[in-house]
Amino acid sequence: MTVIEVADLRKAYAGRPAVDGVSFSVEEGEIFGILGPNGAGKTTTVECVEGLRVPDSGRVRVAGLDPVADHDKVTRILGAQLQESELQAKLTVREALELYSAFYDRPADWRALAERLGLTEKLGTRYAKLSGGQKQRLSIALALIGSPRIVVLDELTTGLDPRARRDTWQLIEEIRTSGVTVLLVTHFMEEAQRLCDRIAVIDRGRVAALDTPSGLIRRASGSTVISFTPSRPLAPADLAGLPDAASTATDARDGRVTVHGSDVTVNAVITLLARHHITAHQLRVSDATLDDAFLDLTETAGPQGAPAAAGPESATDLNGASA
Ligand SMILES: Nc1ncnc2c1ncn2[C@@H]1O[C@H](COP(=O)(O)OP(=O)(O)OP(=O)(O)O)[C@@H](O)[C@H]1O
């Protein structure tokens with residue numbers, strides 16, 4: 001069942017389009033990611049979903065409701081994470097939870113929520129004294145306090161250390177397991193790859209691609225990455241002539257060669273090395289990451305809904321093998 005529908009959304013600031021025809025839909029129970037470079041229009045898009053901004057044109061529906069016209073009803077269904085500036089520094093965790101509970105007719109039990117988010121020990125602590133991770137956990141608790149069906153999390157883990165980020169990822173997975181749909185705006189590829197069922201890559205106000213994380217990786221050119229350090233340099237013309245190679249690069253410091261291509265490219269590299277009697281040290285063959293796909297997709301910004309290119313499903317790891 002579709003819970004969020006965005007169709008041909010457009011929003012400009014002072015005549016400059018920030019969101020320029022974005023369409024996607026989110027199914028109930030999904031973790032749906034919105035990924036894109038700085039200034040791509042991600043926040044503007046989710047603010048239109050939250051009813052905080054009025055679109056210039058296009059259709060936005062949250063559980064069938066218009067977030068602007070039916071704003072009150074939408075705020076009961078959709079929990080939004082608060083911006084840091086919205087909480088008073090002197091407010092304790094308990095006071096914040098009680099205050100936000102009072103906004104809802106049927107709030108969640110804030111004590112249980114605090115327990116679930118590991119905040120019980122911090123109930124008496126003022127907001128200003130919380131660590132970054134604790135602040136994020138509180139902002140998730142406040143987003144969940146109205147027992148929403150959907151929660152919007154925007155740049156949730158920015159500024160967190162790797163452990164706090166991983167703890168937050170686990171929390172997001174638990175939120176989804178409890179039946180809440182998650183709309184997640186992120187810059188972090190690893191986060192998107194690990195958490196999201198589907199991702200809309202937004203670039204310059206448009207959807208550059210929309211797919212599962214593995215689908216995005218497959219549709220990016222050069223979904224197989226070959227890297228090795230040759231015993232002597234390869235001629236640039238030989239590298240450039242490799243079949244199916246989307247890109248080749250040689251590290252000026254250590255001569256390590258990295259080629260993005262396909263299985264055909266892997267075989268061609270091995271043949272090339274054998275032909276020139278060159279040994280490849282630390283030859284590695286792996287799948288491209290979402291990072292690679294992101295760079296590729298946001299550089300080329302192809303048409304919406306372009307069909308995914310077929311590609312290899314699994315990584316081949318020739319760990320330490322040399323030709
Ligand atoms: N209130 C505003 N007034 C004018 N321009 C704005 C406003 N909010 C956003 N913009 C501009 O609209 C574009 C999209 O901004 P938006 O914040 O939606 O992008 P974003 O993808 O969320 O970026 P980031 O990842 O940097 O947060 C940017 O060029 C931004 O400068």
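1. Contact here means heavy atoms within 4.5 Å. On that basis, residues 24 or more positions apart account for 69% of the contacts in the protein chain with a separation of 6 or more. The model is a predicted one.

2. Start with the overall picture. The protein chain comes to 11 helices and 13 strands. Its C-alpha trace spans about 75 × 45 × 35 Å along the principal axes. The chain has 323 residues, and 46% of them count as buried.

3. Some polar distances to the ligand deserve a look. A polar side-chain atom of T44 lies 2.5 Å from an oxygen atom of the ligand. For N38, a polar side-chain atom lies 3.0 Å from a ligand oxygen atom. G39 uses its backbone instead: an N or O atom there lies 2.8 Å from an oxygen atom of the ligand. How much of the ligand does the protein bury? Taken alone, the ligand exposes 630 Å², and the protein buries 58% of that.

4. Now the aromatic rings. A pair of aromatic rings is described by the distance of the centres and the angle of the planes. A search of the whole structure finds two such pairs. One is F24 with F32, at 5.1 Å centre to centre and 15° between the planes. This pair is stacked, because planes under 30 degrees apart count as such. F24 and F32 are both buried.

5. The other aromatic pair is Y100 with F103. Its centres are 5.0 Å apart, with 70° between the planes. The pair is edge-to-face, because the cut-off for that class is over 60 degrees. Are Y100 and F103 buried or exposed? Y100 counts as buried, at 13% relative accessibility. F103 is exposed, with a relative accessible area of 53%. The cut-offs explain the labels: buried means under 20%, exposed means over 50%.

6. Most residues other than glycine have a negative phi. A63 has a positive phi, near 50°, and is not a glycine. A63 sits in the loop between β4 (57–62) and α2 (71–77). Its relative accessible area is 25%, so A63 is partly exposed.

7. S147 also has a positive phi, of about 50°, although it is not a glycine. Where is S147 found? It lies in the loop between α5 (132–144) and β6 (150–154). S147 is partly exposed, because its relative accessible area is 43%.

8. T279 lies in another loop, between α10 (263–275) and β13 (280–287). At 32% relative accessibility, T279 counts as partly exposed. How far apart are T279 and S231 in sequence and in space? They are 48 residues apart in sequence and 5.2 Å apart in space, C-alpha to C-alpha.

9. T168 belongs to helix α6, residues 162–177. Its relative accessible area is 3%, so T168 is buried. Leaving out residues up to four places away in sequence, T168 touches I140, L156, T157 and L160.

10. S227 is part of strand β10, residues 224–230. With a relative accessible area of 14%, S227 is buried. What joins the side chains of S227 and R256? A polar contact of 3.1 Å does. Setting aside neighbours within four places in sequence, S227 is in contact with R256, V257, T258, Q282, L283 and R284.

Conventions: Residues numbered from 1 in each chain as written. Predicted model: local features only at pLDDT ≥ 70, side-chain atom pairs only at ≥ 80, totals over all residues. Heavy atoms only, no water. Polar contact = N/O pair within 3.5 Å; in protein donor to acceptor, adjacent residues only side chain to side chain. Areas by Shrake-Rupley, 256 points an atom, 1.4 Å probe, with all protein chains shown as cover. Helix = DSSP H or I, 4+ residues; strand = E, 2+ residues; numbered from the N terminus. Buried < 20%, exposed > 50% of the residue type's maximum accessible area, 1.4 Å probe, protein only. Phe/Tyr/Trp six-rings, centres within 6.5 Å; stacked < 30°, edge-to-face > 60°.
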